[in-house]
Amino acid sequence: MLGVLFALTNFLIYCDAQCMNIPLEIMPDTEVQGCRDINGIIHEFGSQWFSDCDHCICDKKFGQSCCNKVMKPLVYDKVKCKKVFNKEACSYSVIEKNNPSKACKVSMFIG
C-alpha cells in the first residue's frame, strides 16, 4: 500500500510541475480588470489563451493559471539519441545523434 501511495504522490508532483498559478495584481483604490500575462497583456476574466505552448485561463477568484501542454520524452536511449524541441509545433522529436534523419523509439512521455 505504501508503494502505491508513493507512486501516486510522484504522479501528482509530475502533473503539477507543468502548471503555474499567478495571483491577481490588486492595487489600492483600483478595480481589477483581468489577468496580466508575462508580456503585460491584460486578459478578461473567463478568457483563455495560448502563449509559448502554455494554455492559460483567467479566473476572477483565483487569478491566472497556465499549464504547459508539451509531452516530454522521458524513457529513450539517451546515449544514442537526443530530444529536439519544435517551438512552433510545441512538441519534441527524439532522433539519433549520429543520424538525425532517423527517429528513436520513446517508451514513455511525461507532460
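Is Glu-96 buried or exposed? Select Glu-96: with a relative accessible area of 12%, this residue is buried. Buried means under 20% relative accessible area, exposed means over 50%, and partly exposed lies in between (1.4 Å probe, protein chains only).

This is a predicted model, in which local features need pLDDT of at least 70 and side-chain atom pairs count only at pLDDT 80 or more, while totals for chains, interfaces and linings use all residues. Residues are numbered from 1 along each chain as its sequence is written, and side-chain values use heavy atoms, with hydrogens and water left out.

**The whole chain**

Show the protein as a cartoon. There are one helix and 10 strands. Helices (H or I, at least four residues) and strands (E, at least two) are DSSP runs, numbered from the N terminus. Starting at the N terminus, the order is α-β-β-β-β-β-β-β-β-β-β.

Switch to a surface. The protein exposes about 8400 Å², and carbon and sulfur atoms supply 59% of that area. Accessible areas come from the Shrake-Rupley method with a 1.4 Å probe; for residues, only the protein chains shown count as cover. Of the 111 residues, 23% are buried. Among the contacts with a separation of 6 or more, 33% are between residues 24 or more positions apart. Contact means heavy atoms within 4.5 Å.

A salt bridge is a side-chain nitrogen of Lys or Arg within 4 Å of a carboxyl oxygen of Asp or Glu. Side chains of opposite charge can pair when their charged atoms come close. Lys-80 has a relative accessible area of 44% and is partly exposed.

Salt bridges that share partners join Lys-80, Glu-96 and Lys-102 into one network. Lys-102 counts as partly exposed because its relative accessibility is 44%.

**Glu-25 and Arg-36**

A search of the whole structure finds four salt bridges. For another one of them, select Glu-25 and Arg-36, whose side chains meet at 3.3 Å, N to O. This pair also links distant parts of the chain, with Glu-25 in the loop between strand 1 (19-22) and strand 2 (34-36), and Arg-36 in strand 2, 11 residues apart. Glu-25 is partly exposed at 44% relative accessibility, and Arg-36 is partly exposed at 40%.

**Rings**

Which residues form the aromatic pair? The search of the whole structure finds one such pair. Select Phe-85 and Tyr-92: the pair is tilted, with 4.9 Å centre to centre and 50° between the planes. Rings of Phe, Tyr and Trp (its six-membered ring) pair if their centres lie within 6.5 Å; planes under 30 degrees apart count as stacked, over 60 as edge-to-face and the rest as tilted. Phe-85 is partly exposed at 36% relative accessibility, and Tyr-92 is partly exposed at 23%.

Then select Lys-78 and Tyr-76: Lys-78 lies over the face of Tyr-76, at 4.6 Å from the ring centre. A charge sits over a ring if NZ of Lys or CZ of Arg is within 6 Å of the ring centre and within 35 degrees of the ring normal.

**The core**

Select Cys-35, Trp-49, Cys-56, Cys-58 and Cys-66, the five residues of the largest nonpolar core. A nonpolar core is a set of buried Ala, Val, Leu, Ile, Met, Phe, Trp, Tyr and Cys residues joined through side-chain atoms within 4.5 Å.

**Two loops**

Finish with Asp-52 and Cys-53, in the loop between strand 4 (48-51) and strand 5 (54-59). Most residues other than glycine have a negative phi. Asp-52 has a positive phi of about 50°, and Cys-53 has a positive phi of about 70°. Cys-53 is buried at 11% relative accessibility.

Last, select Ile-38, in the loop between strand 2 and strand 3 (42-44). Ile-38 is exposed at 60% relative accessibility.
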